[in-house]
Protein chains: 2
Amino acid sequence: MNIKIKFGKRLKEIRNQKKITQEKLSELANIDRSYISDIERGIKSVSLEKMDQLAKALEVNIIEFFKF
Amino acid sequence: MNIKIKFGKRLKEIRNQKKITQEKLSELANIDRSYISDIERGIKSVSLEKMDQLAKALEVNIIEFFKF
């Protein structure tokens, strides 16, 4: 499974555990909702900065995204 | 310390532990040496795919880059 798909699945898993919608995450992380959707579906890649924004918005350590 | 600087320091640390030069890593990971140098100095960001290439080239799990 390629890294984008693995990362996307893990982001979605953490977001759902936190009971946060894509809409809310988009607001918290200041990232466009459709971009979040593409990341979760493994279509779009993610830069370090976006990972950092997502981790802060979800209140998790960035390392959590790589526990797959 | 911003995420790019933290990641860059950690990449350099792992590369040195493995006694691999930037030149050799550039060859193994198929990433331009000057780009690796910029990443290590926290100047350039890194995509998921480049992280994956770097991790495979260094024979470490990608999670290692985030143990800072």
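How far apart do the end C-alpha atoms of residues 11-65 of chain A lie? They are 6 Å apart, and the span is 62% helix and 0% strand (DSSP runs: helices are H or I of at least four residues, strands E of at least two). UniProt, in an unreviewed entry, places the feature "domain: HTH cro/C1-type" at residues 11-65 of chain A.

A word on conventions: this is a predicted model, where local features need pLDDT of at least 70, side-chain atom pairs count only at pLDDT 80 or more, and totals for chains, interfaces and linings use all residues. Residues are numbered from 1 along each chain as its sequence is written, chains are lettered from A in the order in which they are written, and side-chain values use heavy atoms, without hydrogens and water.

After α4(A) comes Glu59(A), with a positive phi near 55°.

That brings us to the partner chain. In all, 15 residues of chain B are in contact (heavy atoms within 4.5 Å) with 15 residues of chain A. Because 100% of the interface residues of chain B are also interface residues in chain A, the copies meet through the same surface. Lys4(A) forms a salt bridge with Glu49(B), with the closest N and O atoms 3.4 Å apart (the rule asks for a side-chain nitrogen of Lys or Arg within 4 Å of a carboxyl oxygen of Asp or Glu).

Key
UniProt positions renumbered as here; feature names shortened; annotations may be inferred.
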